[in-house]
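Hi there,

Here is the structure I promised to pass on to you. My notes on it follow below.

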Amino acid sequence: MVTLAALELTEETSVCEIKRRGDTAWVMAGTRTRTMARIVGLGAGIVGVGALAASYIYDDDQHTKRQFIRVAAAENLNNRPTKPLPTREQQLKSLSSESFDVLIIGGGATGAGCALDSVSRGLKTALVEMEDFSSGTSSRSTKLIHGGVRYLQKAILGLDIEQYRMVKEALHERANLLDIAPHLSYPLPIMLPVYKWWQLPYFWAGIKMYDLVAGSKCLKSSYAISKERALELFPMLKKDKLVGAIVYYDGQHNDARMNLSIALTATRLGATIANHARVLSLMKEEDENGKEKLCGARVRDEVTGKEITVKAKCIVNATGPFTDSVRKMDNQVSKEICAPSLGVHITLPDYYSPEQMGLLDPNTSDGRVIFFLPWEGRTIAGTTDTPCDVSHSPAPTEDDIQFILREVRNYLNPDVEVRRGDVLSAWAGIRPLVQDPNKTDTQSIARNHIVHVSENGLVTIAGGKWTTYRSMASEAIDTAIKACNLSPAHQESQTDGLLLEGAHKWTPTMYIRLVQDFGLESEVAKHLAHTYGDRAFSVAKLASLTGKRWPIVGRRLHSEFPYIDAEVRYACREYAATAVDVIGRRLRLAFLNTQAAGEALPTVVNIMAEEYKWSEAEKKRQLEAAIKYLQQEMGQNVNRASREKIPINLSKSEISEYVKRFNSLDTDKKGYISLNDLRASLKARGQDVPGDTLHEILNEIDLNLNGQVEFDEYLQMMAAIKVGSISHSRFAQLAEMAEEDQRKKITVDRSGGGL
């Protein structure tokens, strides 16, 4: 007999956790609480509540059977794998020599999610990606795990049940993602500043509805705050006409690392995965009825150039913006369904936002939404939404960067001068909006995602967003099983609550052990723990000795960032095949600061060369490809172009001063400044600077890339610094110091050299 106010049976609390209510034990699976049944009793005692609950819950024998199968499967799948990852060579050998139930094309979030969903059901699974895991849109997101506040607003105002369901699903997936990868994801408070009194209750009601729709999946409750409290939490905020603010919570993550973790989890469970493996064509054969069906793909290893045949019963097209190109491999006359849209983000210094508070601009000058968020020690702002063509190398435009800067300027107080030169990195991602081929109205853009099966059996999953990758993958594999008559061990998806790579033994204080056991800096240890989870110890074991008293191990790749040499070596074990794979996806250096990424590149290439036995020619090729990536895709070219367009609007006295500074470095009066001039100037000050650093200083200003700095280039840079298009320059500082030294020397000479 049990007396109870509320008896709760939940599907998810912790893997195979046993909760006891009185003398009744309940089995639960997963990682968060999802209510399956709640029996509320009022008053004193309820006789036989155990029998009543059992009757209420277990009347459906089939449901019972499925539930216990799912619990057992979750128990098994959530055991931490201990075997080392297969090498890339072993993965390619498996692709060419084995037959698969499912072959997934595309290694973004959705493709990796499909691989994990498929293999966790017991299907023999393969995945190929033409570039690197997360090299496309999945690494170029806003870094948010969110339900979509604006979608909920549209759902309520338009009484749109489809939009509502989309938000509801996304909020469930948001909670799940924070649970299965707690080292990579976390709740982030986001402020919605209010500048009109009537908007305060309006926005408050809308955000509270967001909490209500989330239900038990609500991360933290939203709240309204006064103007004074808003400025305390976000000091950079413009205070004129501010009446208050609303603060709500969404999730944030390291998107590229999350994507890779999903793929690695899939291969830990038995999936065969390969990056830099391009599908050249799809293979077909006739079935018993004489109808053509897909049976595999011809794939080329982009690293070696070798071509292989991959056999599979079912092919899933999860290629995002490249959806149509794969559909046309299946059928040349397939109509195009992808409507690509370009979204640009920029990275700014950390002082643009508080460390633990984001900002939402719900109504920009053109009706778009702009997020302004702290991320990885910097601030990111975006995104734009512009129709574009599909490209392998999408690039940001100056117009998009200026639009974001204008919107940021509207919300920050005058003390924060929003400068073009503060843009540390800028990148563009292609959002693959789709038209549903299942509908006759081809002009309508699908609001969520679509799953389509072609006549030859190609399963296409397209659209959607990062947050809902898991539910999209589940639907795609459900469809694949039916369309291709597959026989999985588990009919239902097993990935809700399935822990990802690094999550099994991670704790928030795990970094302390890294400091104590290995002698790492605290900042580096925290970074490793939050990036690799419980795999951080494997990374730390690869760290080199520093030769210092402290830290003992862990040589930084760049002094401004906590990335260390061991991460490059570990990246090679996690299938990084190029220098771009490392600086763009394994480390996020290219997204945080392109100049720092360029400065770290030689070290990265040298470490990878040791791991892969690269020749000098290959090292040069890798370096050139990575520099091109930084220039074209990470904003260096557009940054340089913005400087060149600035008029030289300097006063006569300023130009006179800059002539003196230039001549103080150009001691031979050649008309330009060379590497040797920089070296001589620094040596005169008692500083011995490495040649690589001198090249970096010269490249900051060498607009025509001829290895020397002419006077007009110097004036162009000083004009750019004056208007804020460049935040600072080591070259400018060096010229100023050289001129100051020369002035002091002249003063001493004229005085007679002594007292």
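A salt bridge here is a side-chain nitrogen of Lys or Arg within 4 Å of a carboxyl oxygen of Asp or Glu. Before the contacts themselves, please note that this is a predicted model, in which local features need pLDDT of at least 70 and side-chain atom pairs count only at pLDDT 80 or more, while totals for chains, interfaces and linings use all residues. Residues are numbered from 1 along each chain as its sequence is written, and side-chain values use heavy atoms, with hydrogens and water left out.

**Salt bridges**

Side chains of opposite charge can pair when their charged atoms come close. Searching the whole structure gives 33 salt bridges.

One of them joins Glu 521 and Arg 556, at 3.1 Å from N to O. Glu 521 lies in the loop between helix H13 (510-518) and helix H14 (522-532), and Arg 556 in the loop between helix H15 (536-540) and H16, so this pair ties together parts that are 35 residues apart in sequence. Helices (H or I, at least four residues) and strands (E, at least two) are DSSP runs, numbered from the N terminus. Glu 521 is partly exposed at 23% relative accessible area, and Arg 556 is partly exposed at 24%. For these labels, buried means under 20% relative accessible area, exposed means over 50%, and partly exposed is in between (1.4 Å probe, protein chains only).

Another salt bridge is formed by Arg 470 and Glu 173, 2.9 Å from N to O. It links distant parts of the chain, with Arg 470 in helix H12 (residues 469-483) and Glu 173 in helix H6 (residues 161-180), 297 residues apart. Arg 470 counts as buried at 10% relative accessibility, and Glu 173 is buried at 2%.

Glu 574 and Arg 257 also form a salt bridge, with their closest N and O atoms 2.7 Å apart. Because Glu 574 is in the loop between helix H16 (565-573) and helix H17 (579-586) and Arg 257 is in helix H9 (residues 255-268), the pair ties together parts that are 317 residues apart in sequence. Glu 574 is buried, at 1% relative accessibility, as is Arg 257, at 2%.

There is also a salt-bridge network, made up of Arg 80, Arg 268, Glu 501, Asp 534 and Arg 535.

**Aromatic rings**

The whole structure holds twelve aromatic pairs. Rings of Phe, Tyr and Trp (its six-membered ring) pair if their centres lie within 6.5 Å; planes under 30 degrees apart are stacked, over 60 edge-to-face, and the rest tilted. Among the pairs is Tyr 210 with Tyr 248, edge-to-face at 5.9 Å centre to centre and 85° between the planes. Tyr 210 belongs to helix H7 and Tyr 248 to strand E10 (residues 244-253), 38 residues apart. Tyr 210 is buried at 1% relative accessibility, and Tyr 248 is buried at 0%.

Trp 198, Tyr 202 and Phe 203 are linked by ring pairs into a cluster. What is the place of Tyr 202? Tyr 202 is in helix H7, and it is partly exposed, with a relative accessible area of 37%.

**Charges over rings**

A charge sits over a ring if NZ of Lys or CZ of Arg is within 6 Å of the ring centre and within 35 degrees of the ring normal. Lys 143 has its charged end over the ring of Trp 375, 4.9 Å from the centre. Arg 588 lies over the face of Phe 591, 4.5 Å from the ring centre.

Best wishes
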